[in-house]
Amino acid sequence: MRLYVLLLDVAYITEFARADYLEKFELDPEKLGGIPERYFLRQSLGTGQVDGERFAVPFAADAPLLYRRTDAPAPPPQDTKKFLELAKEHGYAAQFDDYEGGTVNLLEAILSAQDQKARDQKARDQKADDGPVVVDDRGDVVLDEDGNGKKVMDALGAWRDALFTVKDDTRTLRDESVLREESSLQAFRTGRVGYMRNWPFAFNRLAADPLMRDDDGALRFQVLSFPGTGVLGGVDLAIAKDSPHKEEARDLIYYLVSEDVQERLFACAGYPPVVAALYERYERSGTARTCGELASEGADGAARPAERDTEITGGQLARFAREVHQAVDHARPRPMSAYYATFSQVFRSCLLPVATTTSGAAPDFRHFSDALRDALNGRLRSDDPCRPPAQAG
């Protein structure tokens, strides 16, 4: 039986919905065991709506976390400003590469600067002066307004400095690996850096690695809230418009977002749940169940002790759940557009060099902004989006 249930990154749901590829999906409170607004995380629930109608159901949440090695003198940072200072000393790995992860890391650097400035001004009781803004609340590109171009350059420059070392007045990238998704994990795993920005999936990868545990099984790293403003991620489930068995597809989706399935996916595979009650359960002391306990309870009703030294304990899962919950609650969505992929491509093509090299020139922000506006409307220019023809080359 072909059900045609799609697993979609939340950034691309608008594109699929407006192209009429998805069936509308009205959530049934009875099948959820409660009203959707209470059953799902608030942020995740909003990802499946396009133009006031629901097309997708949250399946796995996602937002950035900060991983800190506890066997190195890298203290927990209090805010963005303090983190950037510490990162220069202890090393930092992220995902500033030419793919969607690079776009997300750039957006987070800009949003973090915006929010840090607002906090600083509030603490000093100063008149508000907005930090850098790429797209405003109406979805309009405003990079070429209110000095946003310079503010963006300053924000990206601060994060770039955290990736470089300075010796004899020369800035050098610590290691190419600190800019890639997979190799950033290895840089952190091998102790070349004290901090790593990454998504929740990295927790299980690291926790299952014997190198990341002491002799007594304790983790050699800590998961913390991202020291800035994160970008909301995650994946949703949707039904293809041409699915021949739509009711069966709906039943499968309700099964996959049930508390039981979501708990097993979290405890055994590290998928951050979208069910609010699970966070409440795991964040309470003594109520977090491990993968081994869930497996045993499913078989004969009796819990069993962990069989592997790398089994993630209930306490570790509880701390992980708490940080993921906070990260998702405070994350911000990416611009909603049927042409978001085009926007993302143009956006990072001009700003990645600024964040990852010492020679990356500032784009012409008026021309760049026009290219981004075209991208949000589905038009990819044939010229250099970063600067007019007279300046190109």
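Student: Which cysteine forms a disulfide with C350, and how many Å apart are their sulfur atoms?

Tutor: The partner is C386, and the two sulfur atoms lie 2.2 Å apart. Keep in mind that this is a predicted model. The pair joins distant parts of the chain. C350 sits in helix 15, which covers residues 340-356. C386 belongs to the segment after helix 16 (365-376). The torsion about the S-S bond is -100 degrees, and the link of C350 and C386 is left-handed. Both C350 and C386 are buried. The cut-off for that label is under 20% relative accessible area.

A disulfide is a covalent bond between the sulfur atoms of two cysteines. A search of the whole structure finds 2 of them. The other one joins C268 to C291, with 2.1 Å between the sulfur atoms. Here the angle about the S-S bond is 100 degrees, and the link is right-handed. This pair, too, links distant parts of the chain. C268 lies in helix 11 (residues 259-269), and C291 lies in helix 13 (residues 291-299). They are 23 residues apart. Partly exposed means between the buried limit of 20% and the exposed limit of 50%. C268 has 36% relative accessibility, so it counts as partly exposed. C291 has a relative accessible area of 22%, and therefore it is partly exposed. Number the bonded cysteines in sequence order, and the pairing reads 1-2, 3-4.

Next, the largest pocket. Its space is about 910 Å³. It is lined by 34 residues, and the closest to its centre are V135, R332, P333, R334 and P335. Helix 6 supplies the largest share, 6 residues. By class, the lining holds 17 nonpolar, 10 polar and 7 charged residues.

Strand 4 pairs with strand 11 (residues 233-239) in the antiparallel sense, over 5 bridges. Within this pairing, P58 stands opposite D236 of strand 11.

Last, two backbone details. Most residues other than glycine have a negative phi. D51 has a positive value, near 55 degrees. D51 is placed in the loop between strand 2 (49-50) and strand 3 (53-54). Exposed means over 50% relative accessible area. D51 has 57% relative accessibility, so it counts as exposed. D146 also has a positive phi, near 55 degrees. D146 is found in the loop between helix 6 and helix 7 (148-163). With 66% relative accessibility, D146 therefore counts as exposed.

How values were computed:
Residues are numbered from 1 along each chain as its sequence is written. This is a predicted model: local features need pLDDT of at least 70, side-chain atom pairs count only at pLDDT 80 or more; totals for chains, interfaces and linings use all residues. Side-chain values use heavy atoms; hydrogens and water are left out. On a 1 Å grid over the protein atoms alone, a cavity is a set of points where a 1.4 Å probe fits but cannot get out, and a pocket is an open set with protein on both sides within 12 Å along at least five of seven lines; lining residues have an atom within 4 Å of a point. Grid points are joined across faces, edges and corners, and a volume is the space filled by probe spheres set on the points. Helices (H or I, at least four residues) and strands (E, at least two) are DSSP runs, numbered from the N terminus. Ala, Val, Leu, Ile, Met, Phe, Trp, Tyr, Cys and Pro count as nonpolar, Asp, Glu, Lys and Arg as charged, and the others, Gly among them, as polar. A disulfide is a pair of cysteine sulfur atoms within 2.5 Å. Buried means under 20% relative accessible area, exposed over 50%, partly exposed in between (1.4 Å probe, protein chains only). Two strands pair if DSSP finds at least two bridges between them.
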